[in-house]
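Please read the following note alongside the sequence and the coordinates.

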Amino acid sequence: MSRKLRQWMAVPLVLLLVILTGCQAVGGVDVGQAMVNNTNVKSGETKQSMHINIEPDKQFATDEDLEMIKRINSISLNIDHAKMKDTNTASIKGSVSIEGTKLPFHLSMDKSGMTIDVDGAQKPVYISLDTLGGAETMLLPIDTKELEKQMQELSPKVLTFVMKHLSNPKNISVTPVQEAVNGETFSLNKLHMEINGEELLAMVKPFLTSISKDEQGLKQLIGDLYDVLYPVFESYMGLEGIEGEGMEDDEMTSILPKSKEEAVTSIYAMIKEGLDSILVNYDQELNNLLKDTPELKTVFGPETKLNMDFFLDSKLDIRKQKMSLKVAVPASEDLPVRSVTVSADSELWNIGGVVTVDEVDASRGVMELTEGEVTPGQVLRNFDPNSFVYQLLKNEMKITTKSIFLYPEDEEVGAITVKNTTFVPLRYLSEQLDAEVKWTKGSKQIVVIDDITGDEIVLTVDSPKATVAGQEVTMVESAFVGKNGKTYVPLRFMAESLGATIEKEQDTGWIFIDRP
């Protein structure tokens with residue numbers, strides 16, 4: 001259920017993005033310009049809340065399904081105060097509520113990274129943005145800051161083009177109102193929109209038809225895209241080694257357009273031909289799609305509904321929003337859900353003003369999350385064992401859970417049998433279970449530190465004696481160094497000492513090691 005549920009829950013976001021772009025002037029209010037203004041906000045302050053509600057289908061839902069849905073429905077996000085200084089610098093103070101328990105959090109970010117502090121943490125968590133995106137940006141010899149600026153400038157151009165061709169929903173109105181924003185009352189225009197799934201689907205063909213007739217607008221958009229993306233493409237094609245990987249010089253020349261004009265003409269012709277081809281048989285193809293995938297009739301049916309209220313000031317800045325999007329879902333045994341509803345509201349003030357973000361206090365140090373270098377035990381030890389986050393990570397998200405399988409014939413990490421005892425490479429198994437291995441060169445003693453408990457397991461090569469958490473034990477056989485230089489240890493002893501269980505499949509010889 002969970003995988004399909006996540007897929008269907010993505011549908012509301014897609015529908016919302018489409019609707020947001022389909023607004024022309026209403027009641028003297030240029031809705032399209034308001035949406036563009038919203039994409040251009042460089043600084044401001046806001047508070048927001050969001051909630052998801054899943055309606056189960058009790059005909060198909062099991063008790064376990066109902067319990068999971070109940071838990072999901074209890075989740076809500078509340079942002080008490082978010083501050084955006086610029087596109088790279090911001091802070092958020094808020095909380096996540098789950099089953100009546102509130103988890104406060106504080107986040108701040110700049111161009112280098114993001115720092116997050118949550119209730120129960122000894123140190124805030126730091127995520128380096130350079131680590132996340134550095135590898136990709138280093139590949140291309142381009143000015144990434146300039147590219148980011150150009151992409152920001154491109155966004156409203158794309159949005160304006162799309163809105164130009166999308167028609168308004170049937171139910172749309174503008175009403176002057178008095179509304180409170182951050183405790184202060186303003187005279188605003190309330191833009192109200194309602195649309196259902198059938199209306200949304202009906203908007204697609206006119207949208208494509210309008211685009212196919214707008215040669216000038218489409219060519220202008222292609223040119224804008226060319227100005228931003230062509231230098232990136234050119235830099236990539238010019239990288240050392242690209243030409244030699246199955247691509248000759250003449251092929252390179254054929255891919256790279258000789259001029260912007262040539263590129264625009266060529267790309268326009270392809271898009272125009274594609275749109276015309278789609279529109280020729282659009283109705284028939286749509287009917288075939290709905291016939292082949294009847295579930296879409298439910299998703300794009302009358303029960304799928306969007307209600308939105310935008311509150312605009314005289315500058316067409318969106319100062320307040322209320323949204324409710326219900327997406328009908330074709331219920332089944334695999335997905336016992338009738339609908340998914342997303343509700344959200346927000347208020348925005350100090351638009352374009354001077355904003356000072358609230359930085360997370362990192363004076364007590366941070367725990368830096370670097371992929372492949374932070375173990376589950378290290379994460380858990382950063383939180384109070386009685387805290388909500390600790391329980392969530394350990395018992396709900398089960399971050400300590402590990403499943404490993406060994407194949408006896410694997411020459412590198414496979415298990416071997418000696419005197420009816422199964423042995424495995426000590427370092428491999430220990431590291432797979434996140435344990436730290438310490439060995440002093442020239443010594444036969446090896447210390448393995450359990451990642452979860454912190455307990456030490458002390459072994460001596462060629463001796464059956466060992467200690468686990470200070471308690472002396474005797475292994476069935478001694479640890480030894482194999483001909484390949486690897487240290488081998490009895491599998492069951494080491495796995496169980498690190499909190500895992502083992503199971504051997506007799507027919508294949510596969511060995512499964514699981515840590516809860």
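1. Basis of the values. This is a predicted model, in which local features need pLDDT of at least 70 and side-chain atom pairs count only at pLDDT 80 or more, whereas totals for chains, interfaces and linings use all residues. Residues are numbered from 1 along each chain as its sequence is written, and side-chain values use heavy atoms, with hydrogens and water left out.

2. The whole structure holds 20 salt bridges, the term being used for a side-chain nitrogen of Lys or Arg within 4 Å of a carboxyl oxygen of Asp or Glu. One of them joins the side chains of D214 and K164, at 3.0 Å from N to O. This pair links distant parts of the chain, 50 residues apart, with D214 in the loop between α8 (204-213) and α9 (215-237) and K164 in helix α6 (residues 144-165); helices (H or I, at least four residues) and strands (E, at least two) are DSSP runs, numbered from the N terminus. D214 is buried, with a relative accessible area of 11%, while K164 is partly exposed at 49%. Here buried means under 20% relative accessible area, exposed over 50% and partly exposed in between, with a 1.4 Å probe and protein chains only.

3. A second such pair. The side chains of R381 and D451 also form a salt bridge, at 3.6 Å from N to O. Because R381 lies in helix α14 and D451 in the loop between β17 (445-449) and β18 (456-460), the pair ties together parts that are 70 residues apart in sequence. R381 is partly exposed, with a relative accessibility of 41%, and D451 is buried, with a relative accessible area of 5%.

4. E431 and R427 meet through their side chains in a salt bridge of 3.5 Å, N to O. The two residues are four apart in helix α16 (residues 426-432), so that about one helical turn separates E431 from R427. Both partners are partly exposed, E431 having a relative accessible area of 45% and R427 one of 42%. Elsewhere, salt bridges that share partners join E55, D57 and R338 into one network.

5. Aromatic rings. Three aromatic pairs are counted, by a rule in which rings of Phe, Tyr and Trp (its six-membered ring) pair if their centres lie within 6.5 Å, with planes under 30 degrees apart called stacked, over 60 edge-to-face and the rest tilted. The rings of F423 and F480 have centres 5.0 Å apart and planes at 65 degrees, so this pair is edge-to-face. As F423 lies in strand β15 (residues 421-425) and F480 in strand β21 (residues 480-481), the pair ties together parts 57 residues apart in sequence. F423 is buried at 1% relative accessibility, whereas F480 is partly exposed at 21%. Ring pairs link F423, F480 and Y488 into a cluster.

6. Charges over rings. K219 lies over the face of Y268, at 5.1 Å from the ring centre, and R319 over the face of F186, at 4.8 Å from the ring centre. The criterion is that NZ of Lys or CZ of Arg is within 6 Å of the ring centre and within 35 degrees of the ring normal.

7. Helix α15. Which residues of helix α15 (residues 388-396) are buried? They are V389, Y390 and L393, and they lie on the same side of α15 because they cover an arc of only 105 degrees around the axis, taken from the directions from the helix axis to the C-beta atoms. Their cover includes β4 (101-109), β5 (113-118) and α14 (376-381). Just after α15, K398 takes a positive phi of about 50 degrees.

8. Two single residues. T87, in the loop between β2 (76-84) and β3 (90-98), is partly exposed at 35% relative accessible area. Leaving aside neighbours within four places in sequence, T87 is in contact (heavy atoms within 4.5 Å) with K42, E148 and Q152. S497 lies in helix α17 (residues 491-497) and is buried at 18% relative accessibility. With neighbours within four places again left aside, S497 is in contact with D450, I457 and V468.
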